[in-house]
Amino acid sequence: MTRRVLWLPLIGFALLFAVVASGLIRPADRTVRSALIGKPLPTFSLPPLVPGKPGLSSAAMAGQGPRLLNVFASWCVPCVAEAPQLMRLKAAGVPIDAIAIRDTTPAIRRFLTRVGDPYARIGDDRVSAVQLSLGSSGVPETFLIDGRGIVARQYVGDIRPEQVDEIIADFRKLQ
């Protein structure tokens, strides 16, 4: 009996090592998905952030045809990386609206001057209330909204060059 008890710490360590090793070999997908896929946008109305460009509301997004809703910020490094892809999507005829998270007008102006402006409308979400109601876990994040205001797809993280054709195809399916 005493000999068996002596092996228990080694067996416990081996089990712990196996659990840690399996987590390193096959890490869990930690992507936070929105619970709104297939559901209507939450009701919101955001004031404009940039003069000369309208704000954004859920009512304005319904009945406009499919479009992308990009959640971004001027202080977000991946948002800069995603900017060329958004410009390609705009050039392909995909309308894009945006929600600016915890930002200021001067910072957004500098950002748009530096990386380009693919947005038809930009809403000012200073406290991230709309971002959280969308189920967005961070910036950047993009949602494909159908013509009725229903969230059809979610693209977590920055849009990569290899995703542009897929997003255009998803958009065209909704037209």
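This is a predicted model: local features need pLDDT of at least 70, side-chain atom pairs count only at pLDDT 80 or more; totals for chains, interfaces and linings use all residues.
Helix H1 has none of its residues buried, and eight salt bridges turn up in the structure.

**Helix H1**

- H1 covers residues 2-25, which makes 24 residues.
- From first C-alpha to last, H1 reaches 36 Å, close to the 34 Å expected at 1.5 Å a residue.
- There's a kink of about 30 degrees in H1 at leucine 8, shortly before proline 9.
- The number of buried residues among the 24 of H1 is zero, so the helix lies largely in the open.

**Salt bridge: aspartate 117 and lysine 53**

- One of the eight salt bridges brings the side chains of aspartate 117 and lysine 53 together at 2.9 Å, N to O.
- Aspartate 117 counts as partly exposed because its relative accessibility is 23%.
- Lysine 53, at 15% relative accessibility, counts as buried, since the cut-off for buried is under 20%.

**Salt bridge: arginine 121 and aspartate 97**

- Arginine 121 and aspartate 97 meet through their side chains in a salt bridge of 2.8 Å, N to O.
- This pair also links distant parts of the chain: arginine 121 is in the loop between H4 and E5, aspartate 97 is in strand E4 (residues 96-101), and they are 24 residues apart.
- Both arginine 121 and aspartate 97 are buried.
- Arg67 joins in as well, so to speak: Arg67, Asp97 and Arg121 are linked in a network of salt bridges.

**Salt bridge: arginine 153 and glutamate 166**

- Arginine 153 and glutamate 166 form a salt bridge, with their closest N and O atoms 3.0 Å apart.
- Arginine 153 belongs to strand E7 (residues 151-156) and glutamate 166 to helix H6 (residues 164-174), so the bridge ties together parts that are 13 residues apart in sequence.
- Each end is partly exposed: arginine 153 has a relative accessible area of 31%, and glutamate 166 comes in at 33% relative accessibility.

- Strand E6 (residues 141-145) and E7 run antiparallel and are joined by five bridges.
- Isoleucine 145 has valine 151, in E7, as its bridge partner.
- E6 and E7 make a hairpin with five residues between them, and glycine 149 in the turn has a positive phi of about 85 degrees.
- Isoleucine 150 is found in the loop between E6 and E7, and with a relative accessible area of 16% it is buried.
- Isoleucine 150 and leucine 36 are 114 residues apart in sequence, yet their C-alpha atoms are 8.3 Å apart in space.

**A buried glutamate**

- Which helix holds glutamate 82? The residue is part of helix H3 (residues 77-91).
- What does the side chain of glutamate 82 reach? The backbone nitrogen of isoleucine 159, at 2.9 Å.

Notes: Residues are numbered from 1 along each chain as its sequence is written. Side-chain values use heavy atoms; hydrogens and water are left out. Helices (H or I, at least four residues) and strands (E, at least two) are DSSP runs, numbered from the N terminus. The expected span of a helix is 1.5 Å times one less than its number of residues. The bend at a residue is the angle between axes fitted to the seven residues ending there and the seven starting there. Buried means under 20% relative accessible area, exposed over 50%, partly exposed in between (1.4 Å probe, protein chains only). A salt bridge is a side-chain nitrogen of Lys or Arg within 4 Å of a carboxyl oxygen of Asp or Glu. Two strands pair if DSSP finds at least two bridges between them. A polar contact is a pair of N or O atoms within 3.5 Å; within protein, one must be able to donate a hydrogen and the other to accept it, and residues adjacent in sequence count only if both atoms are side-chain atoms.
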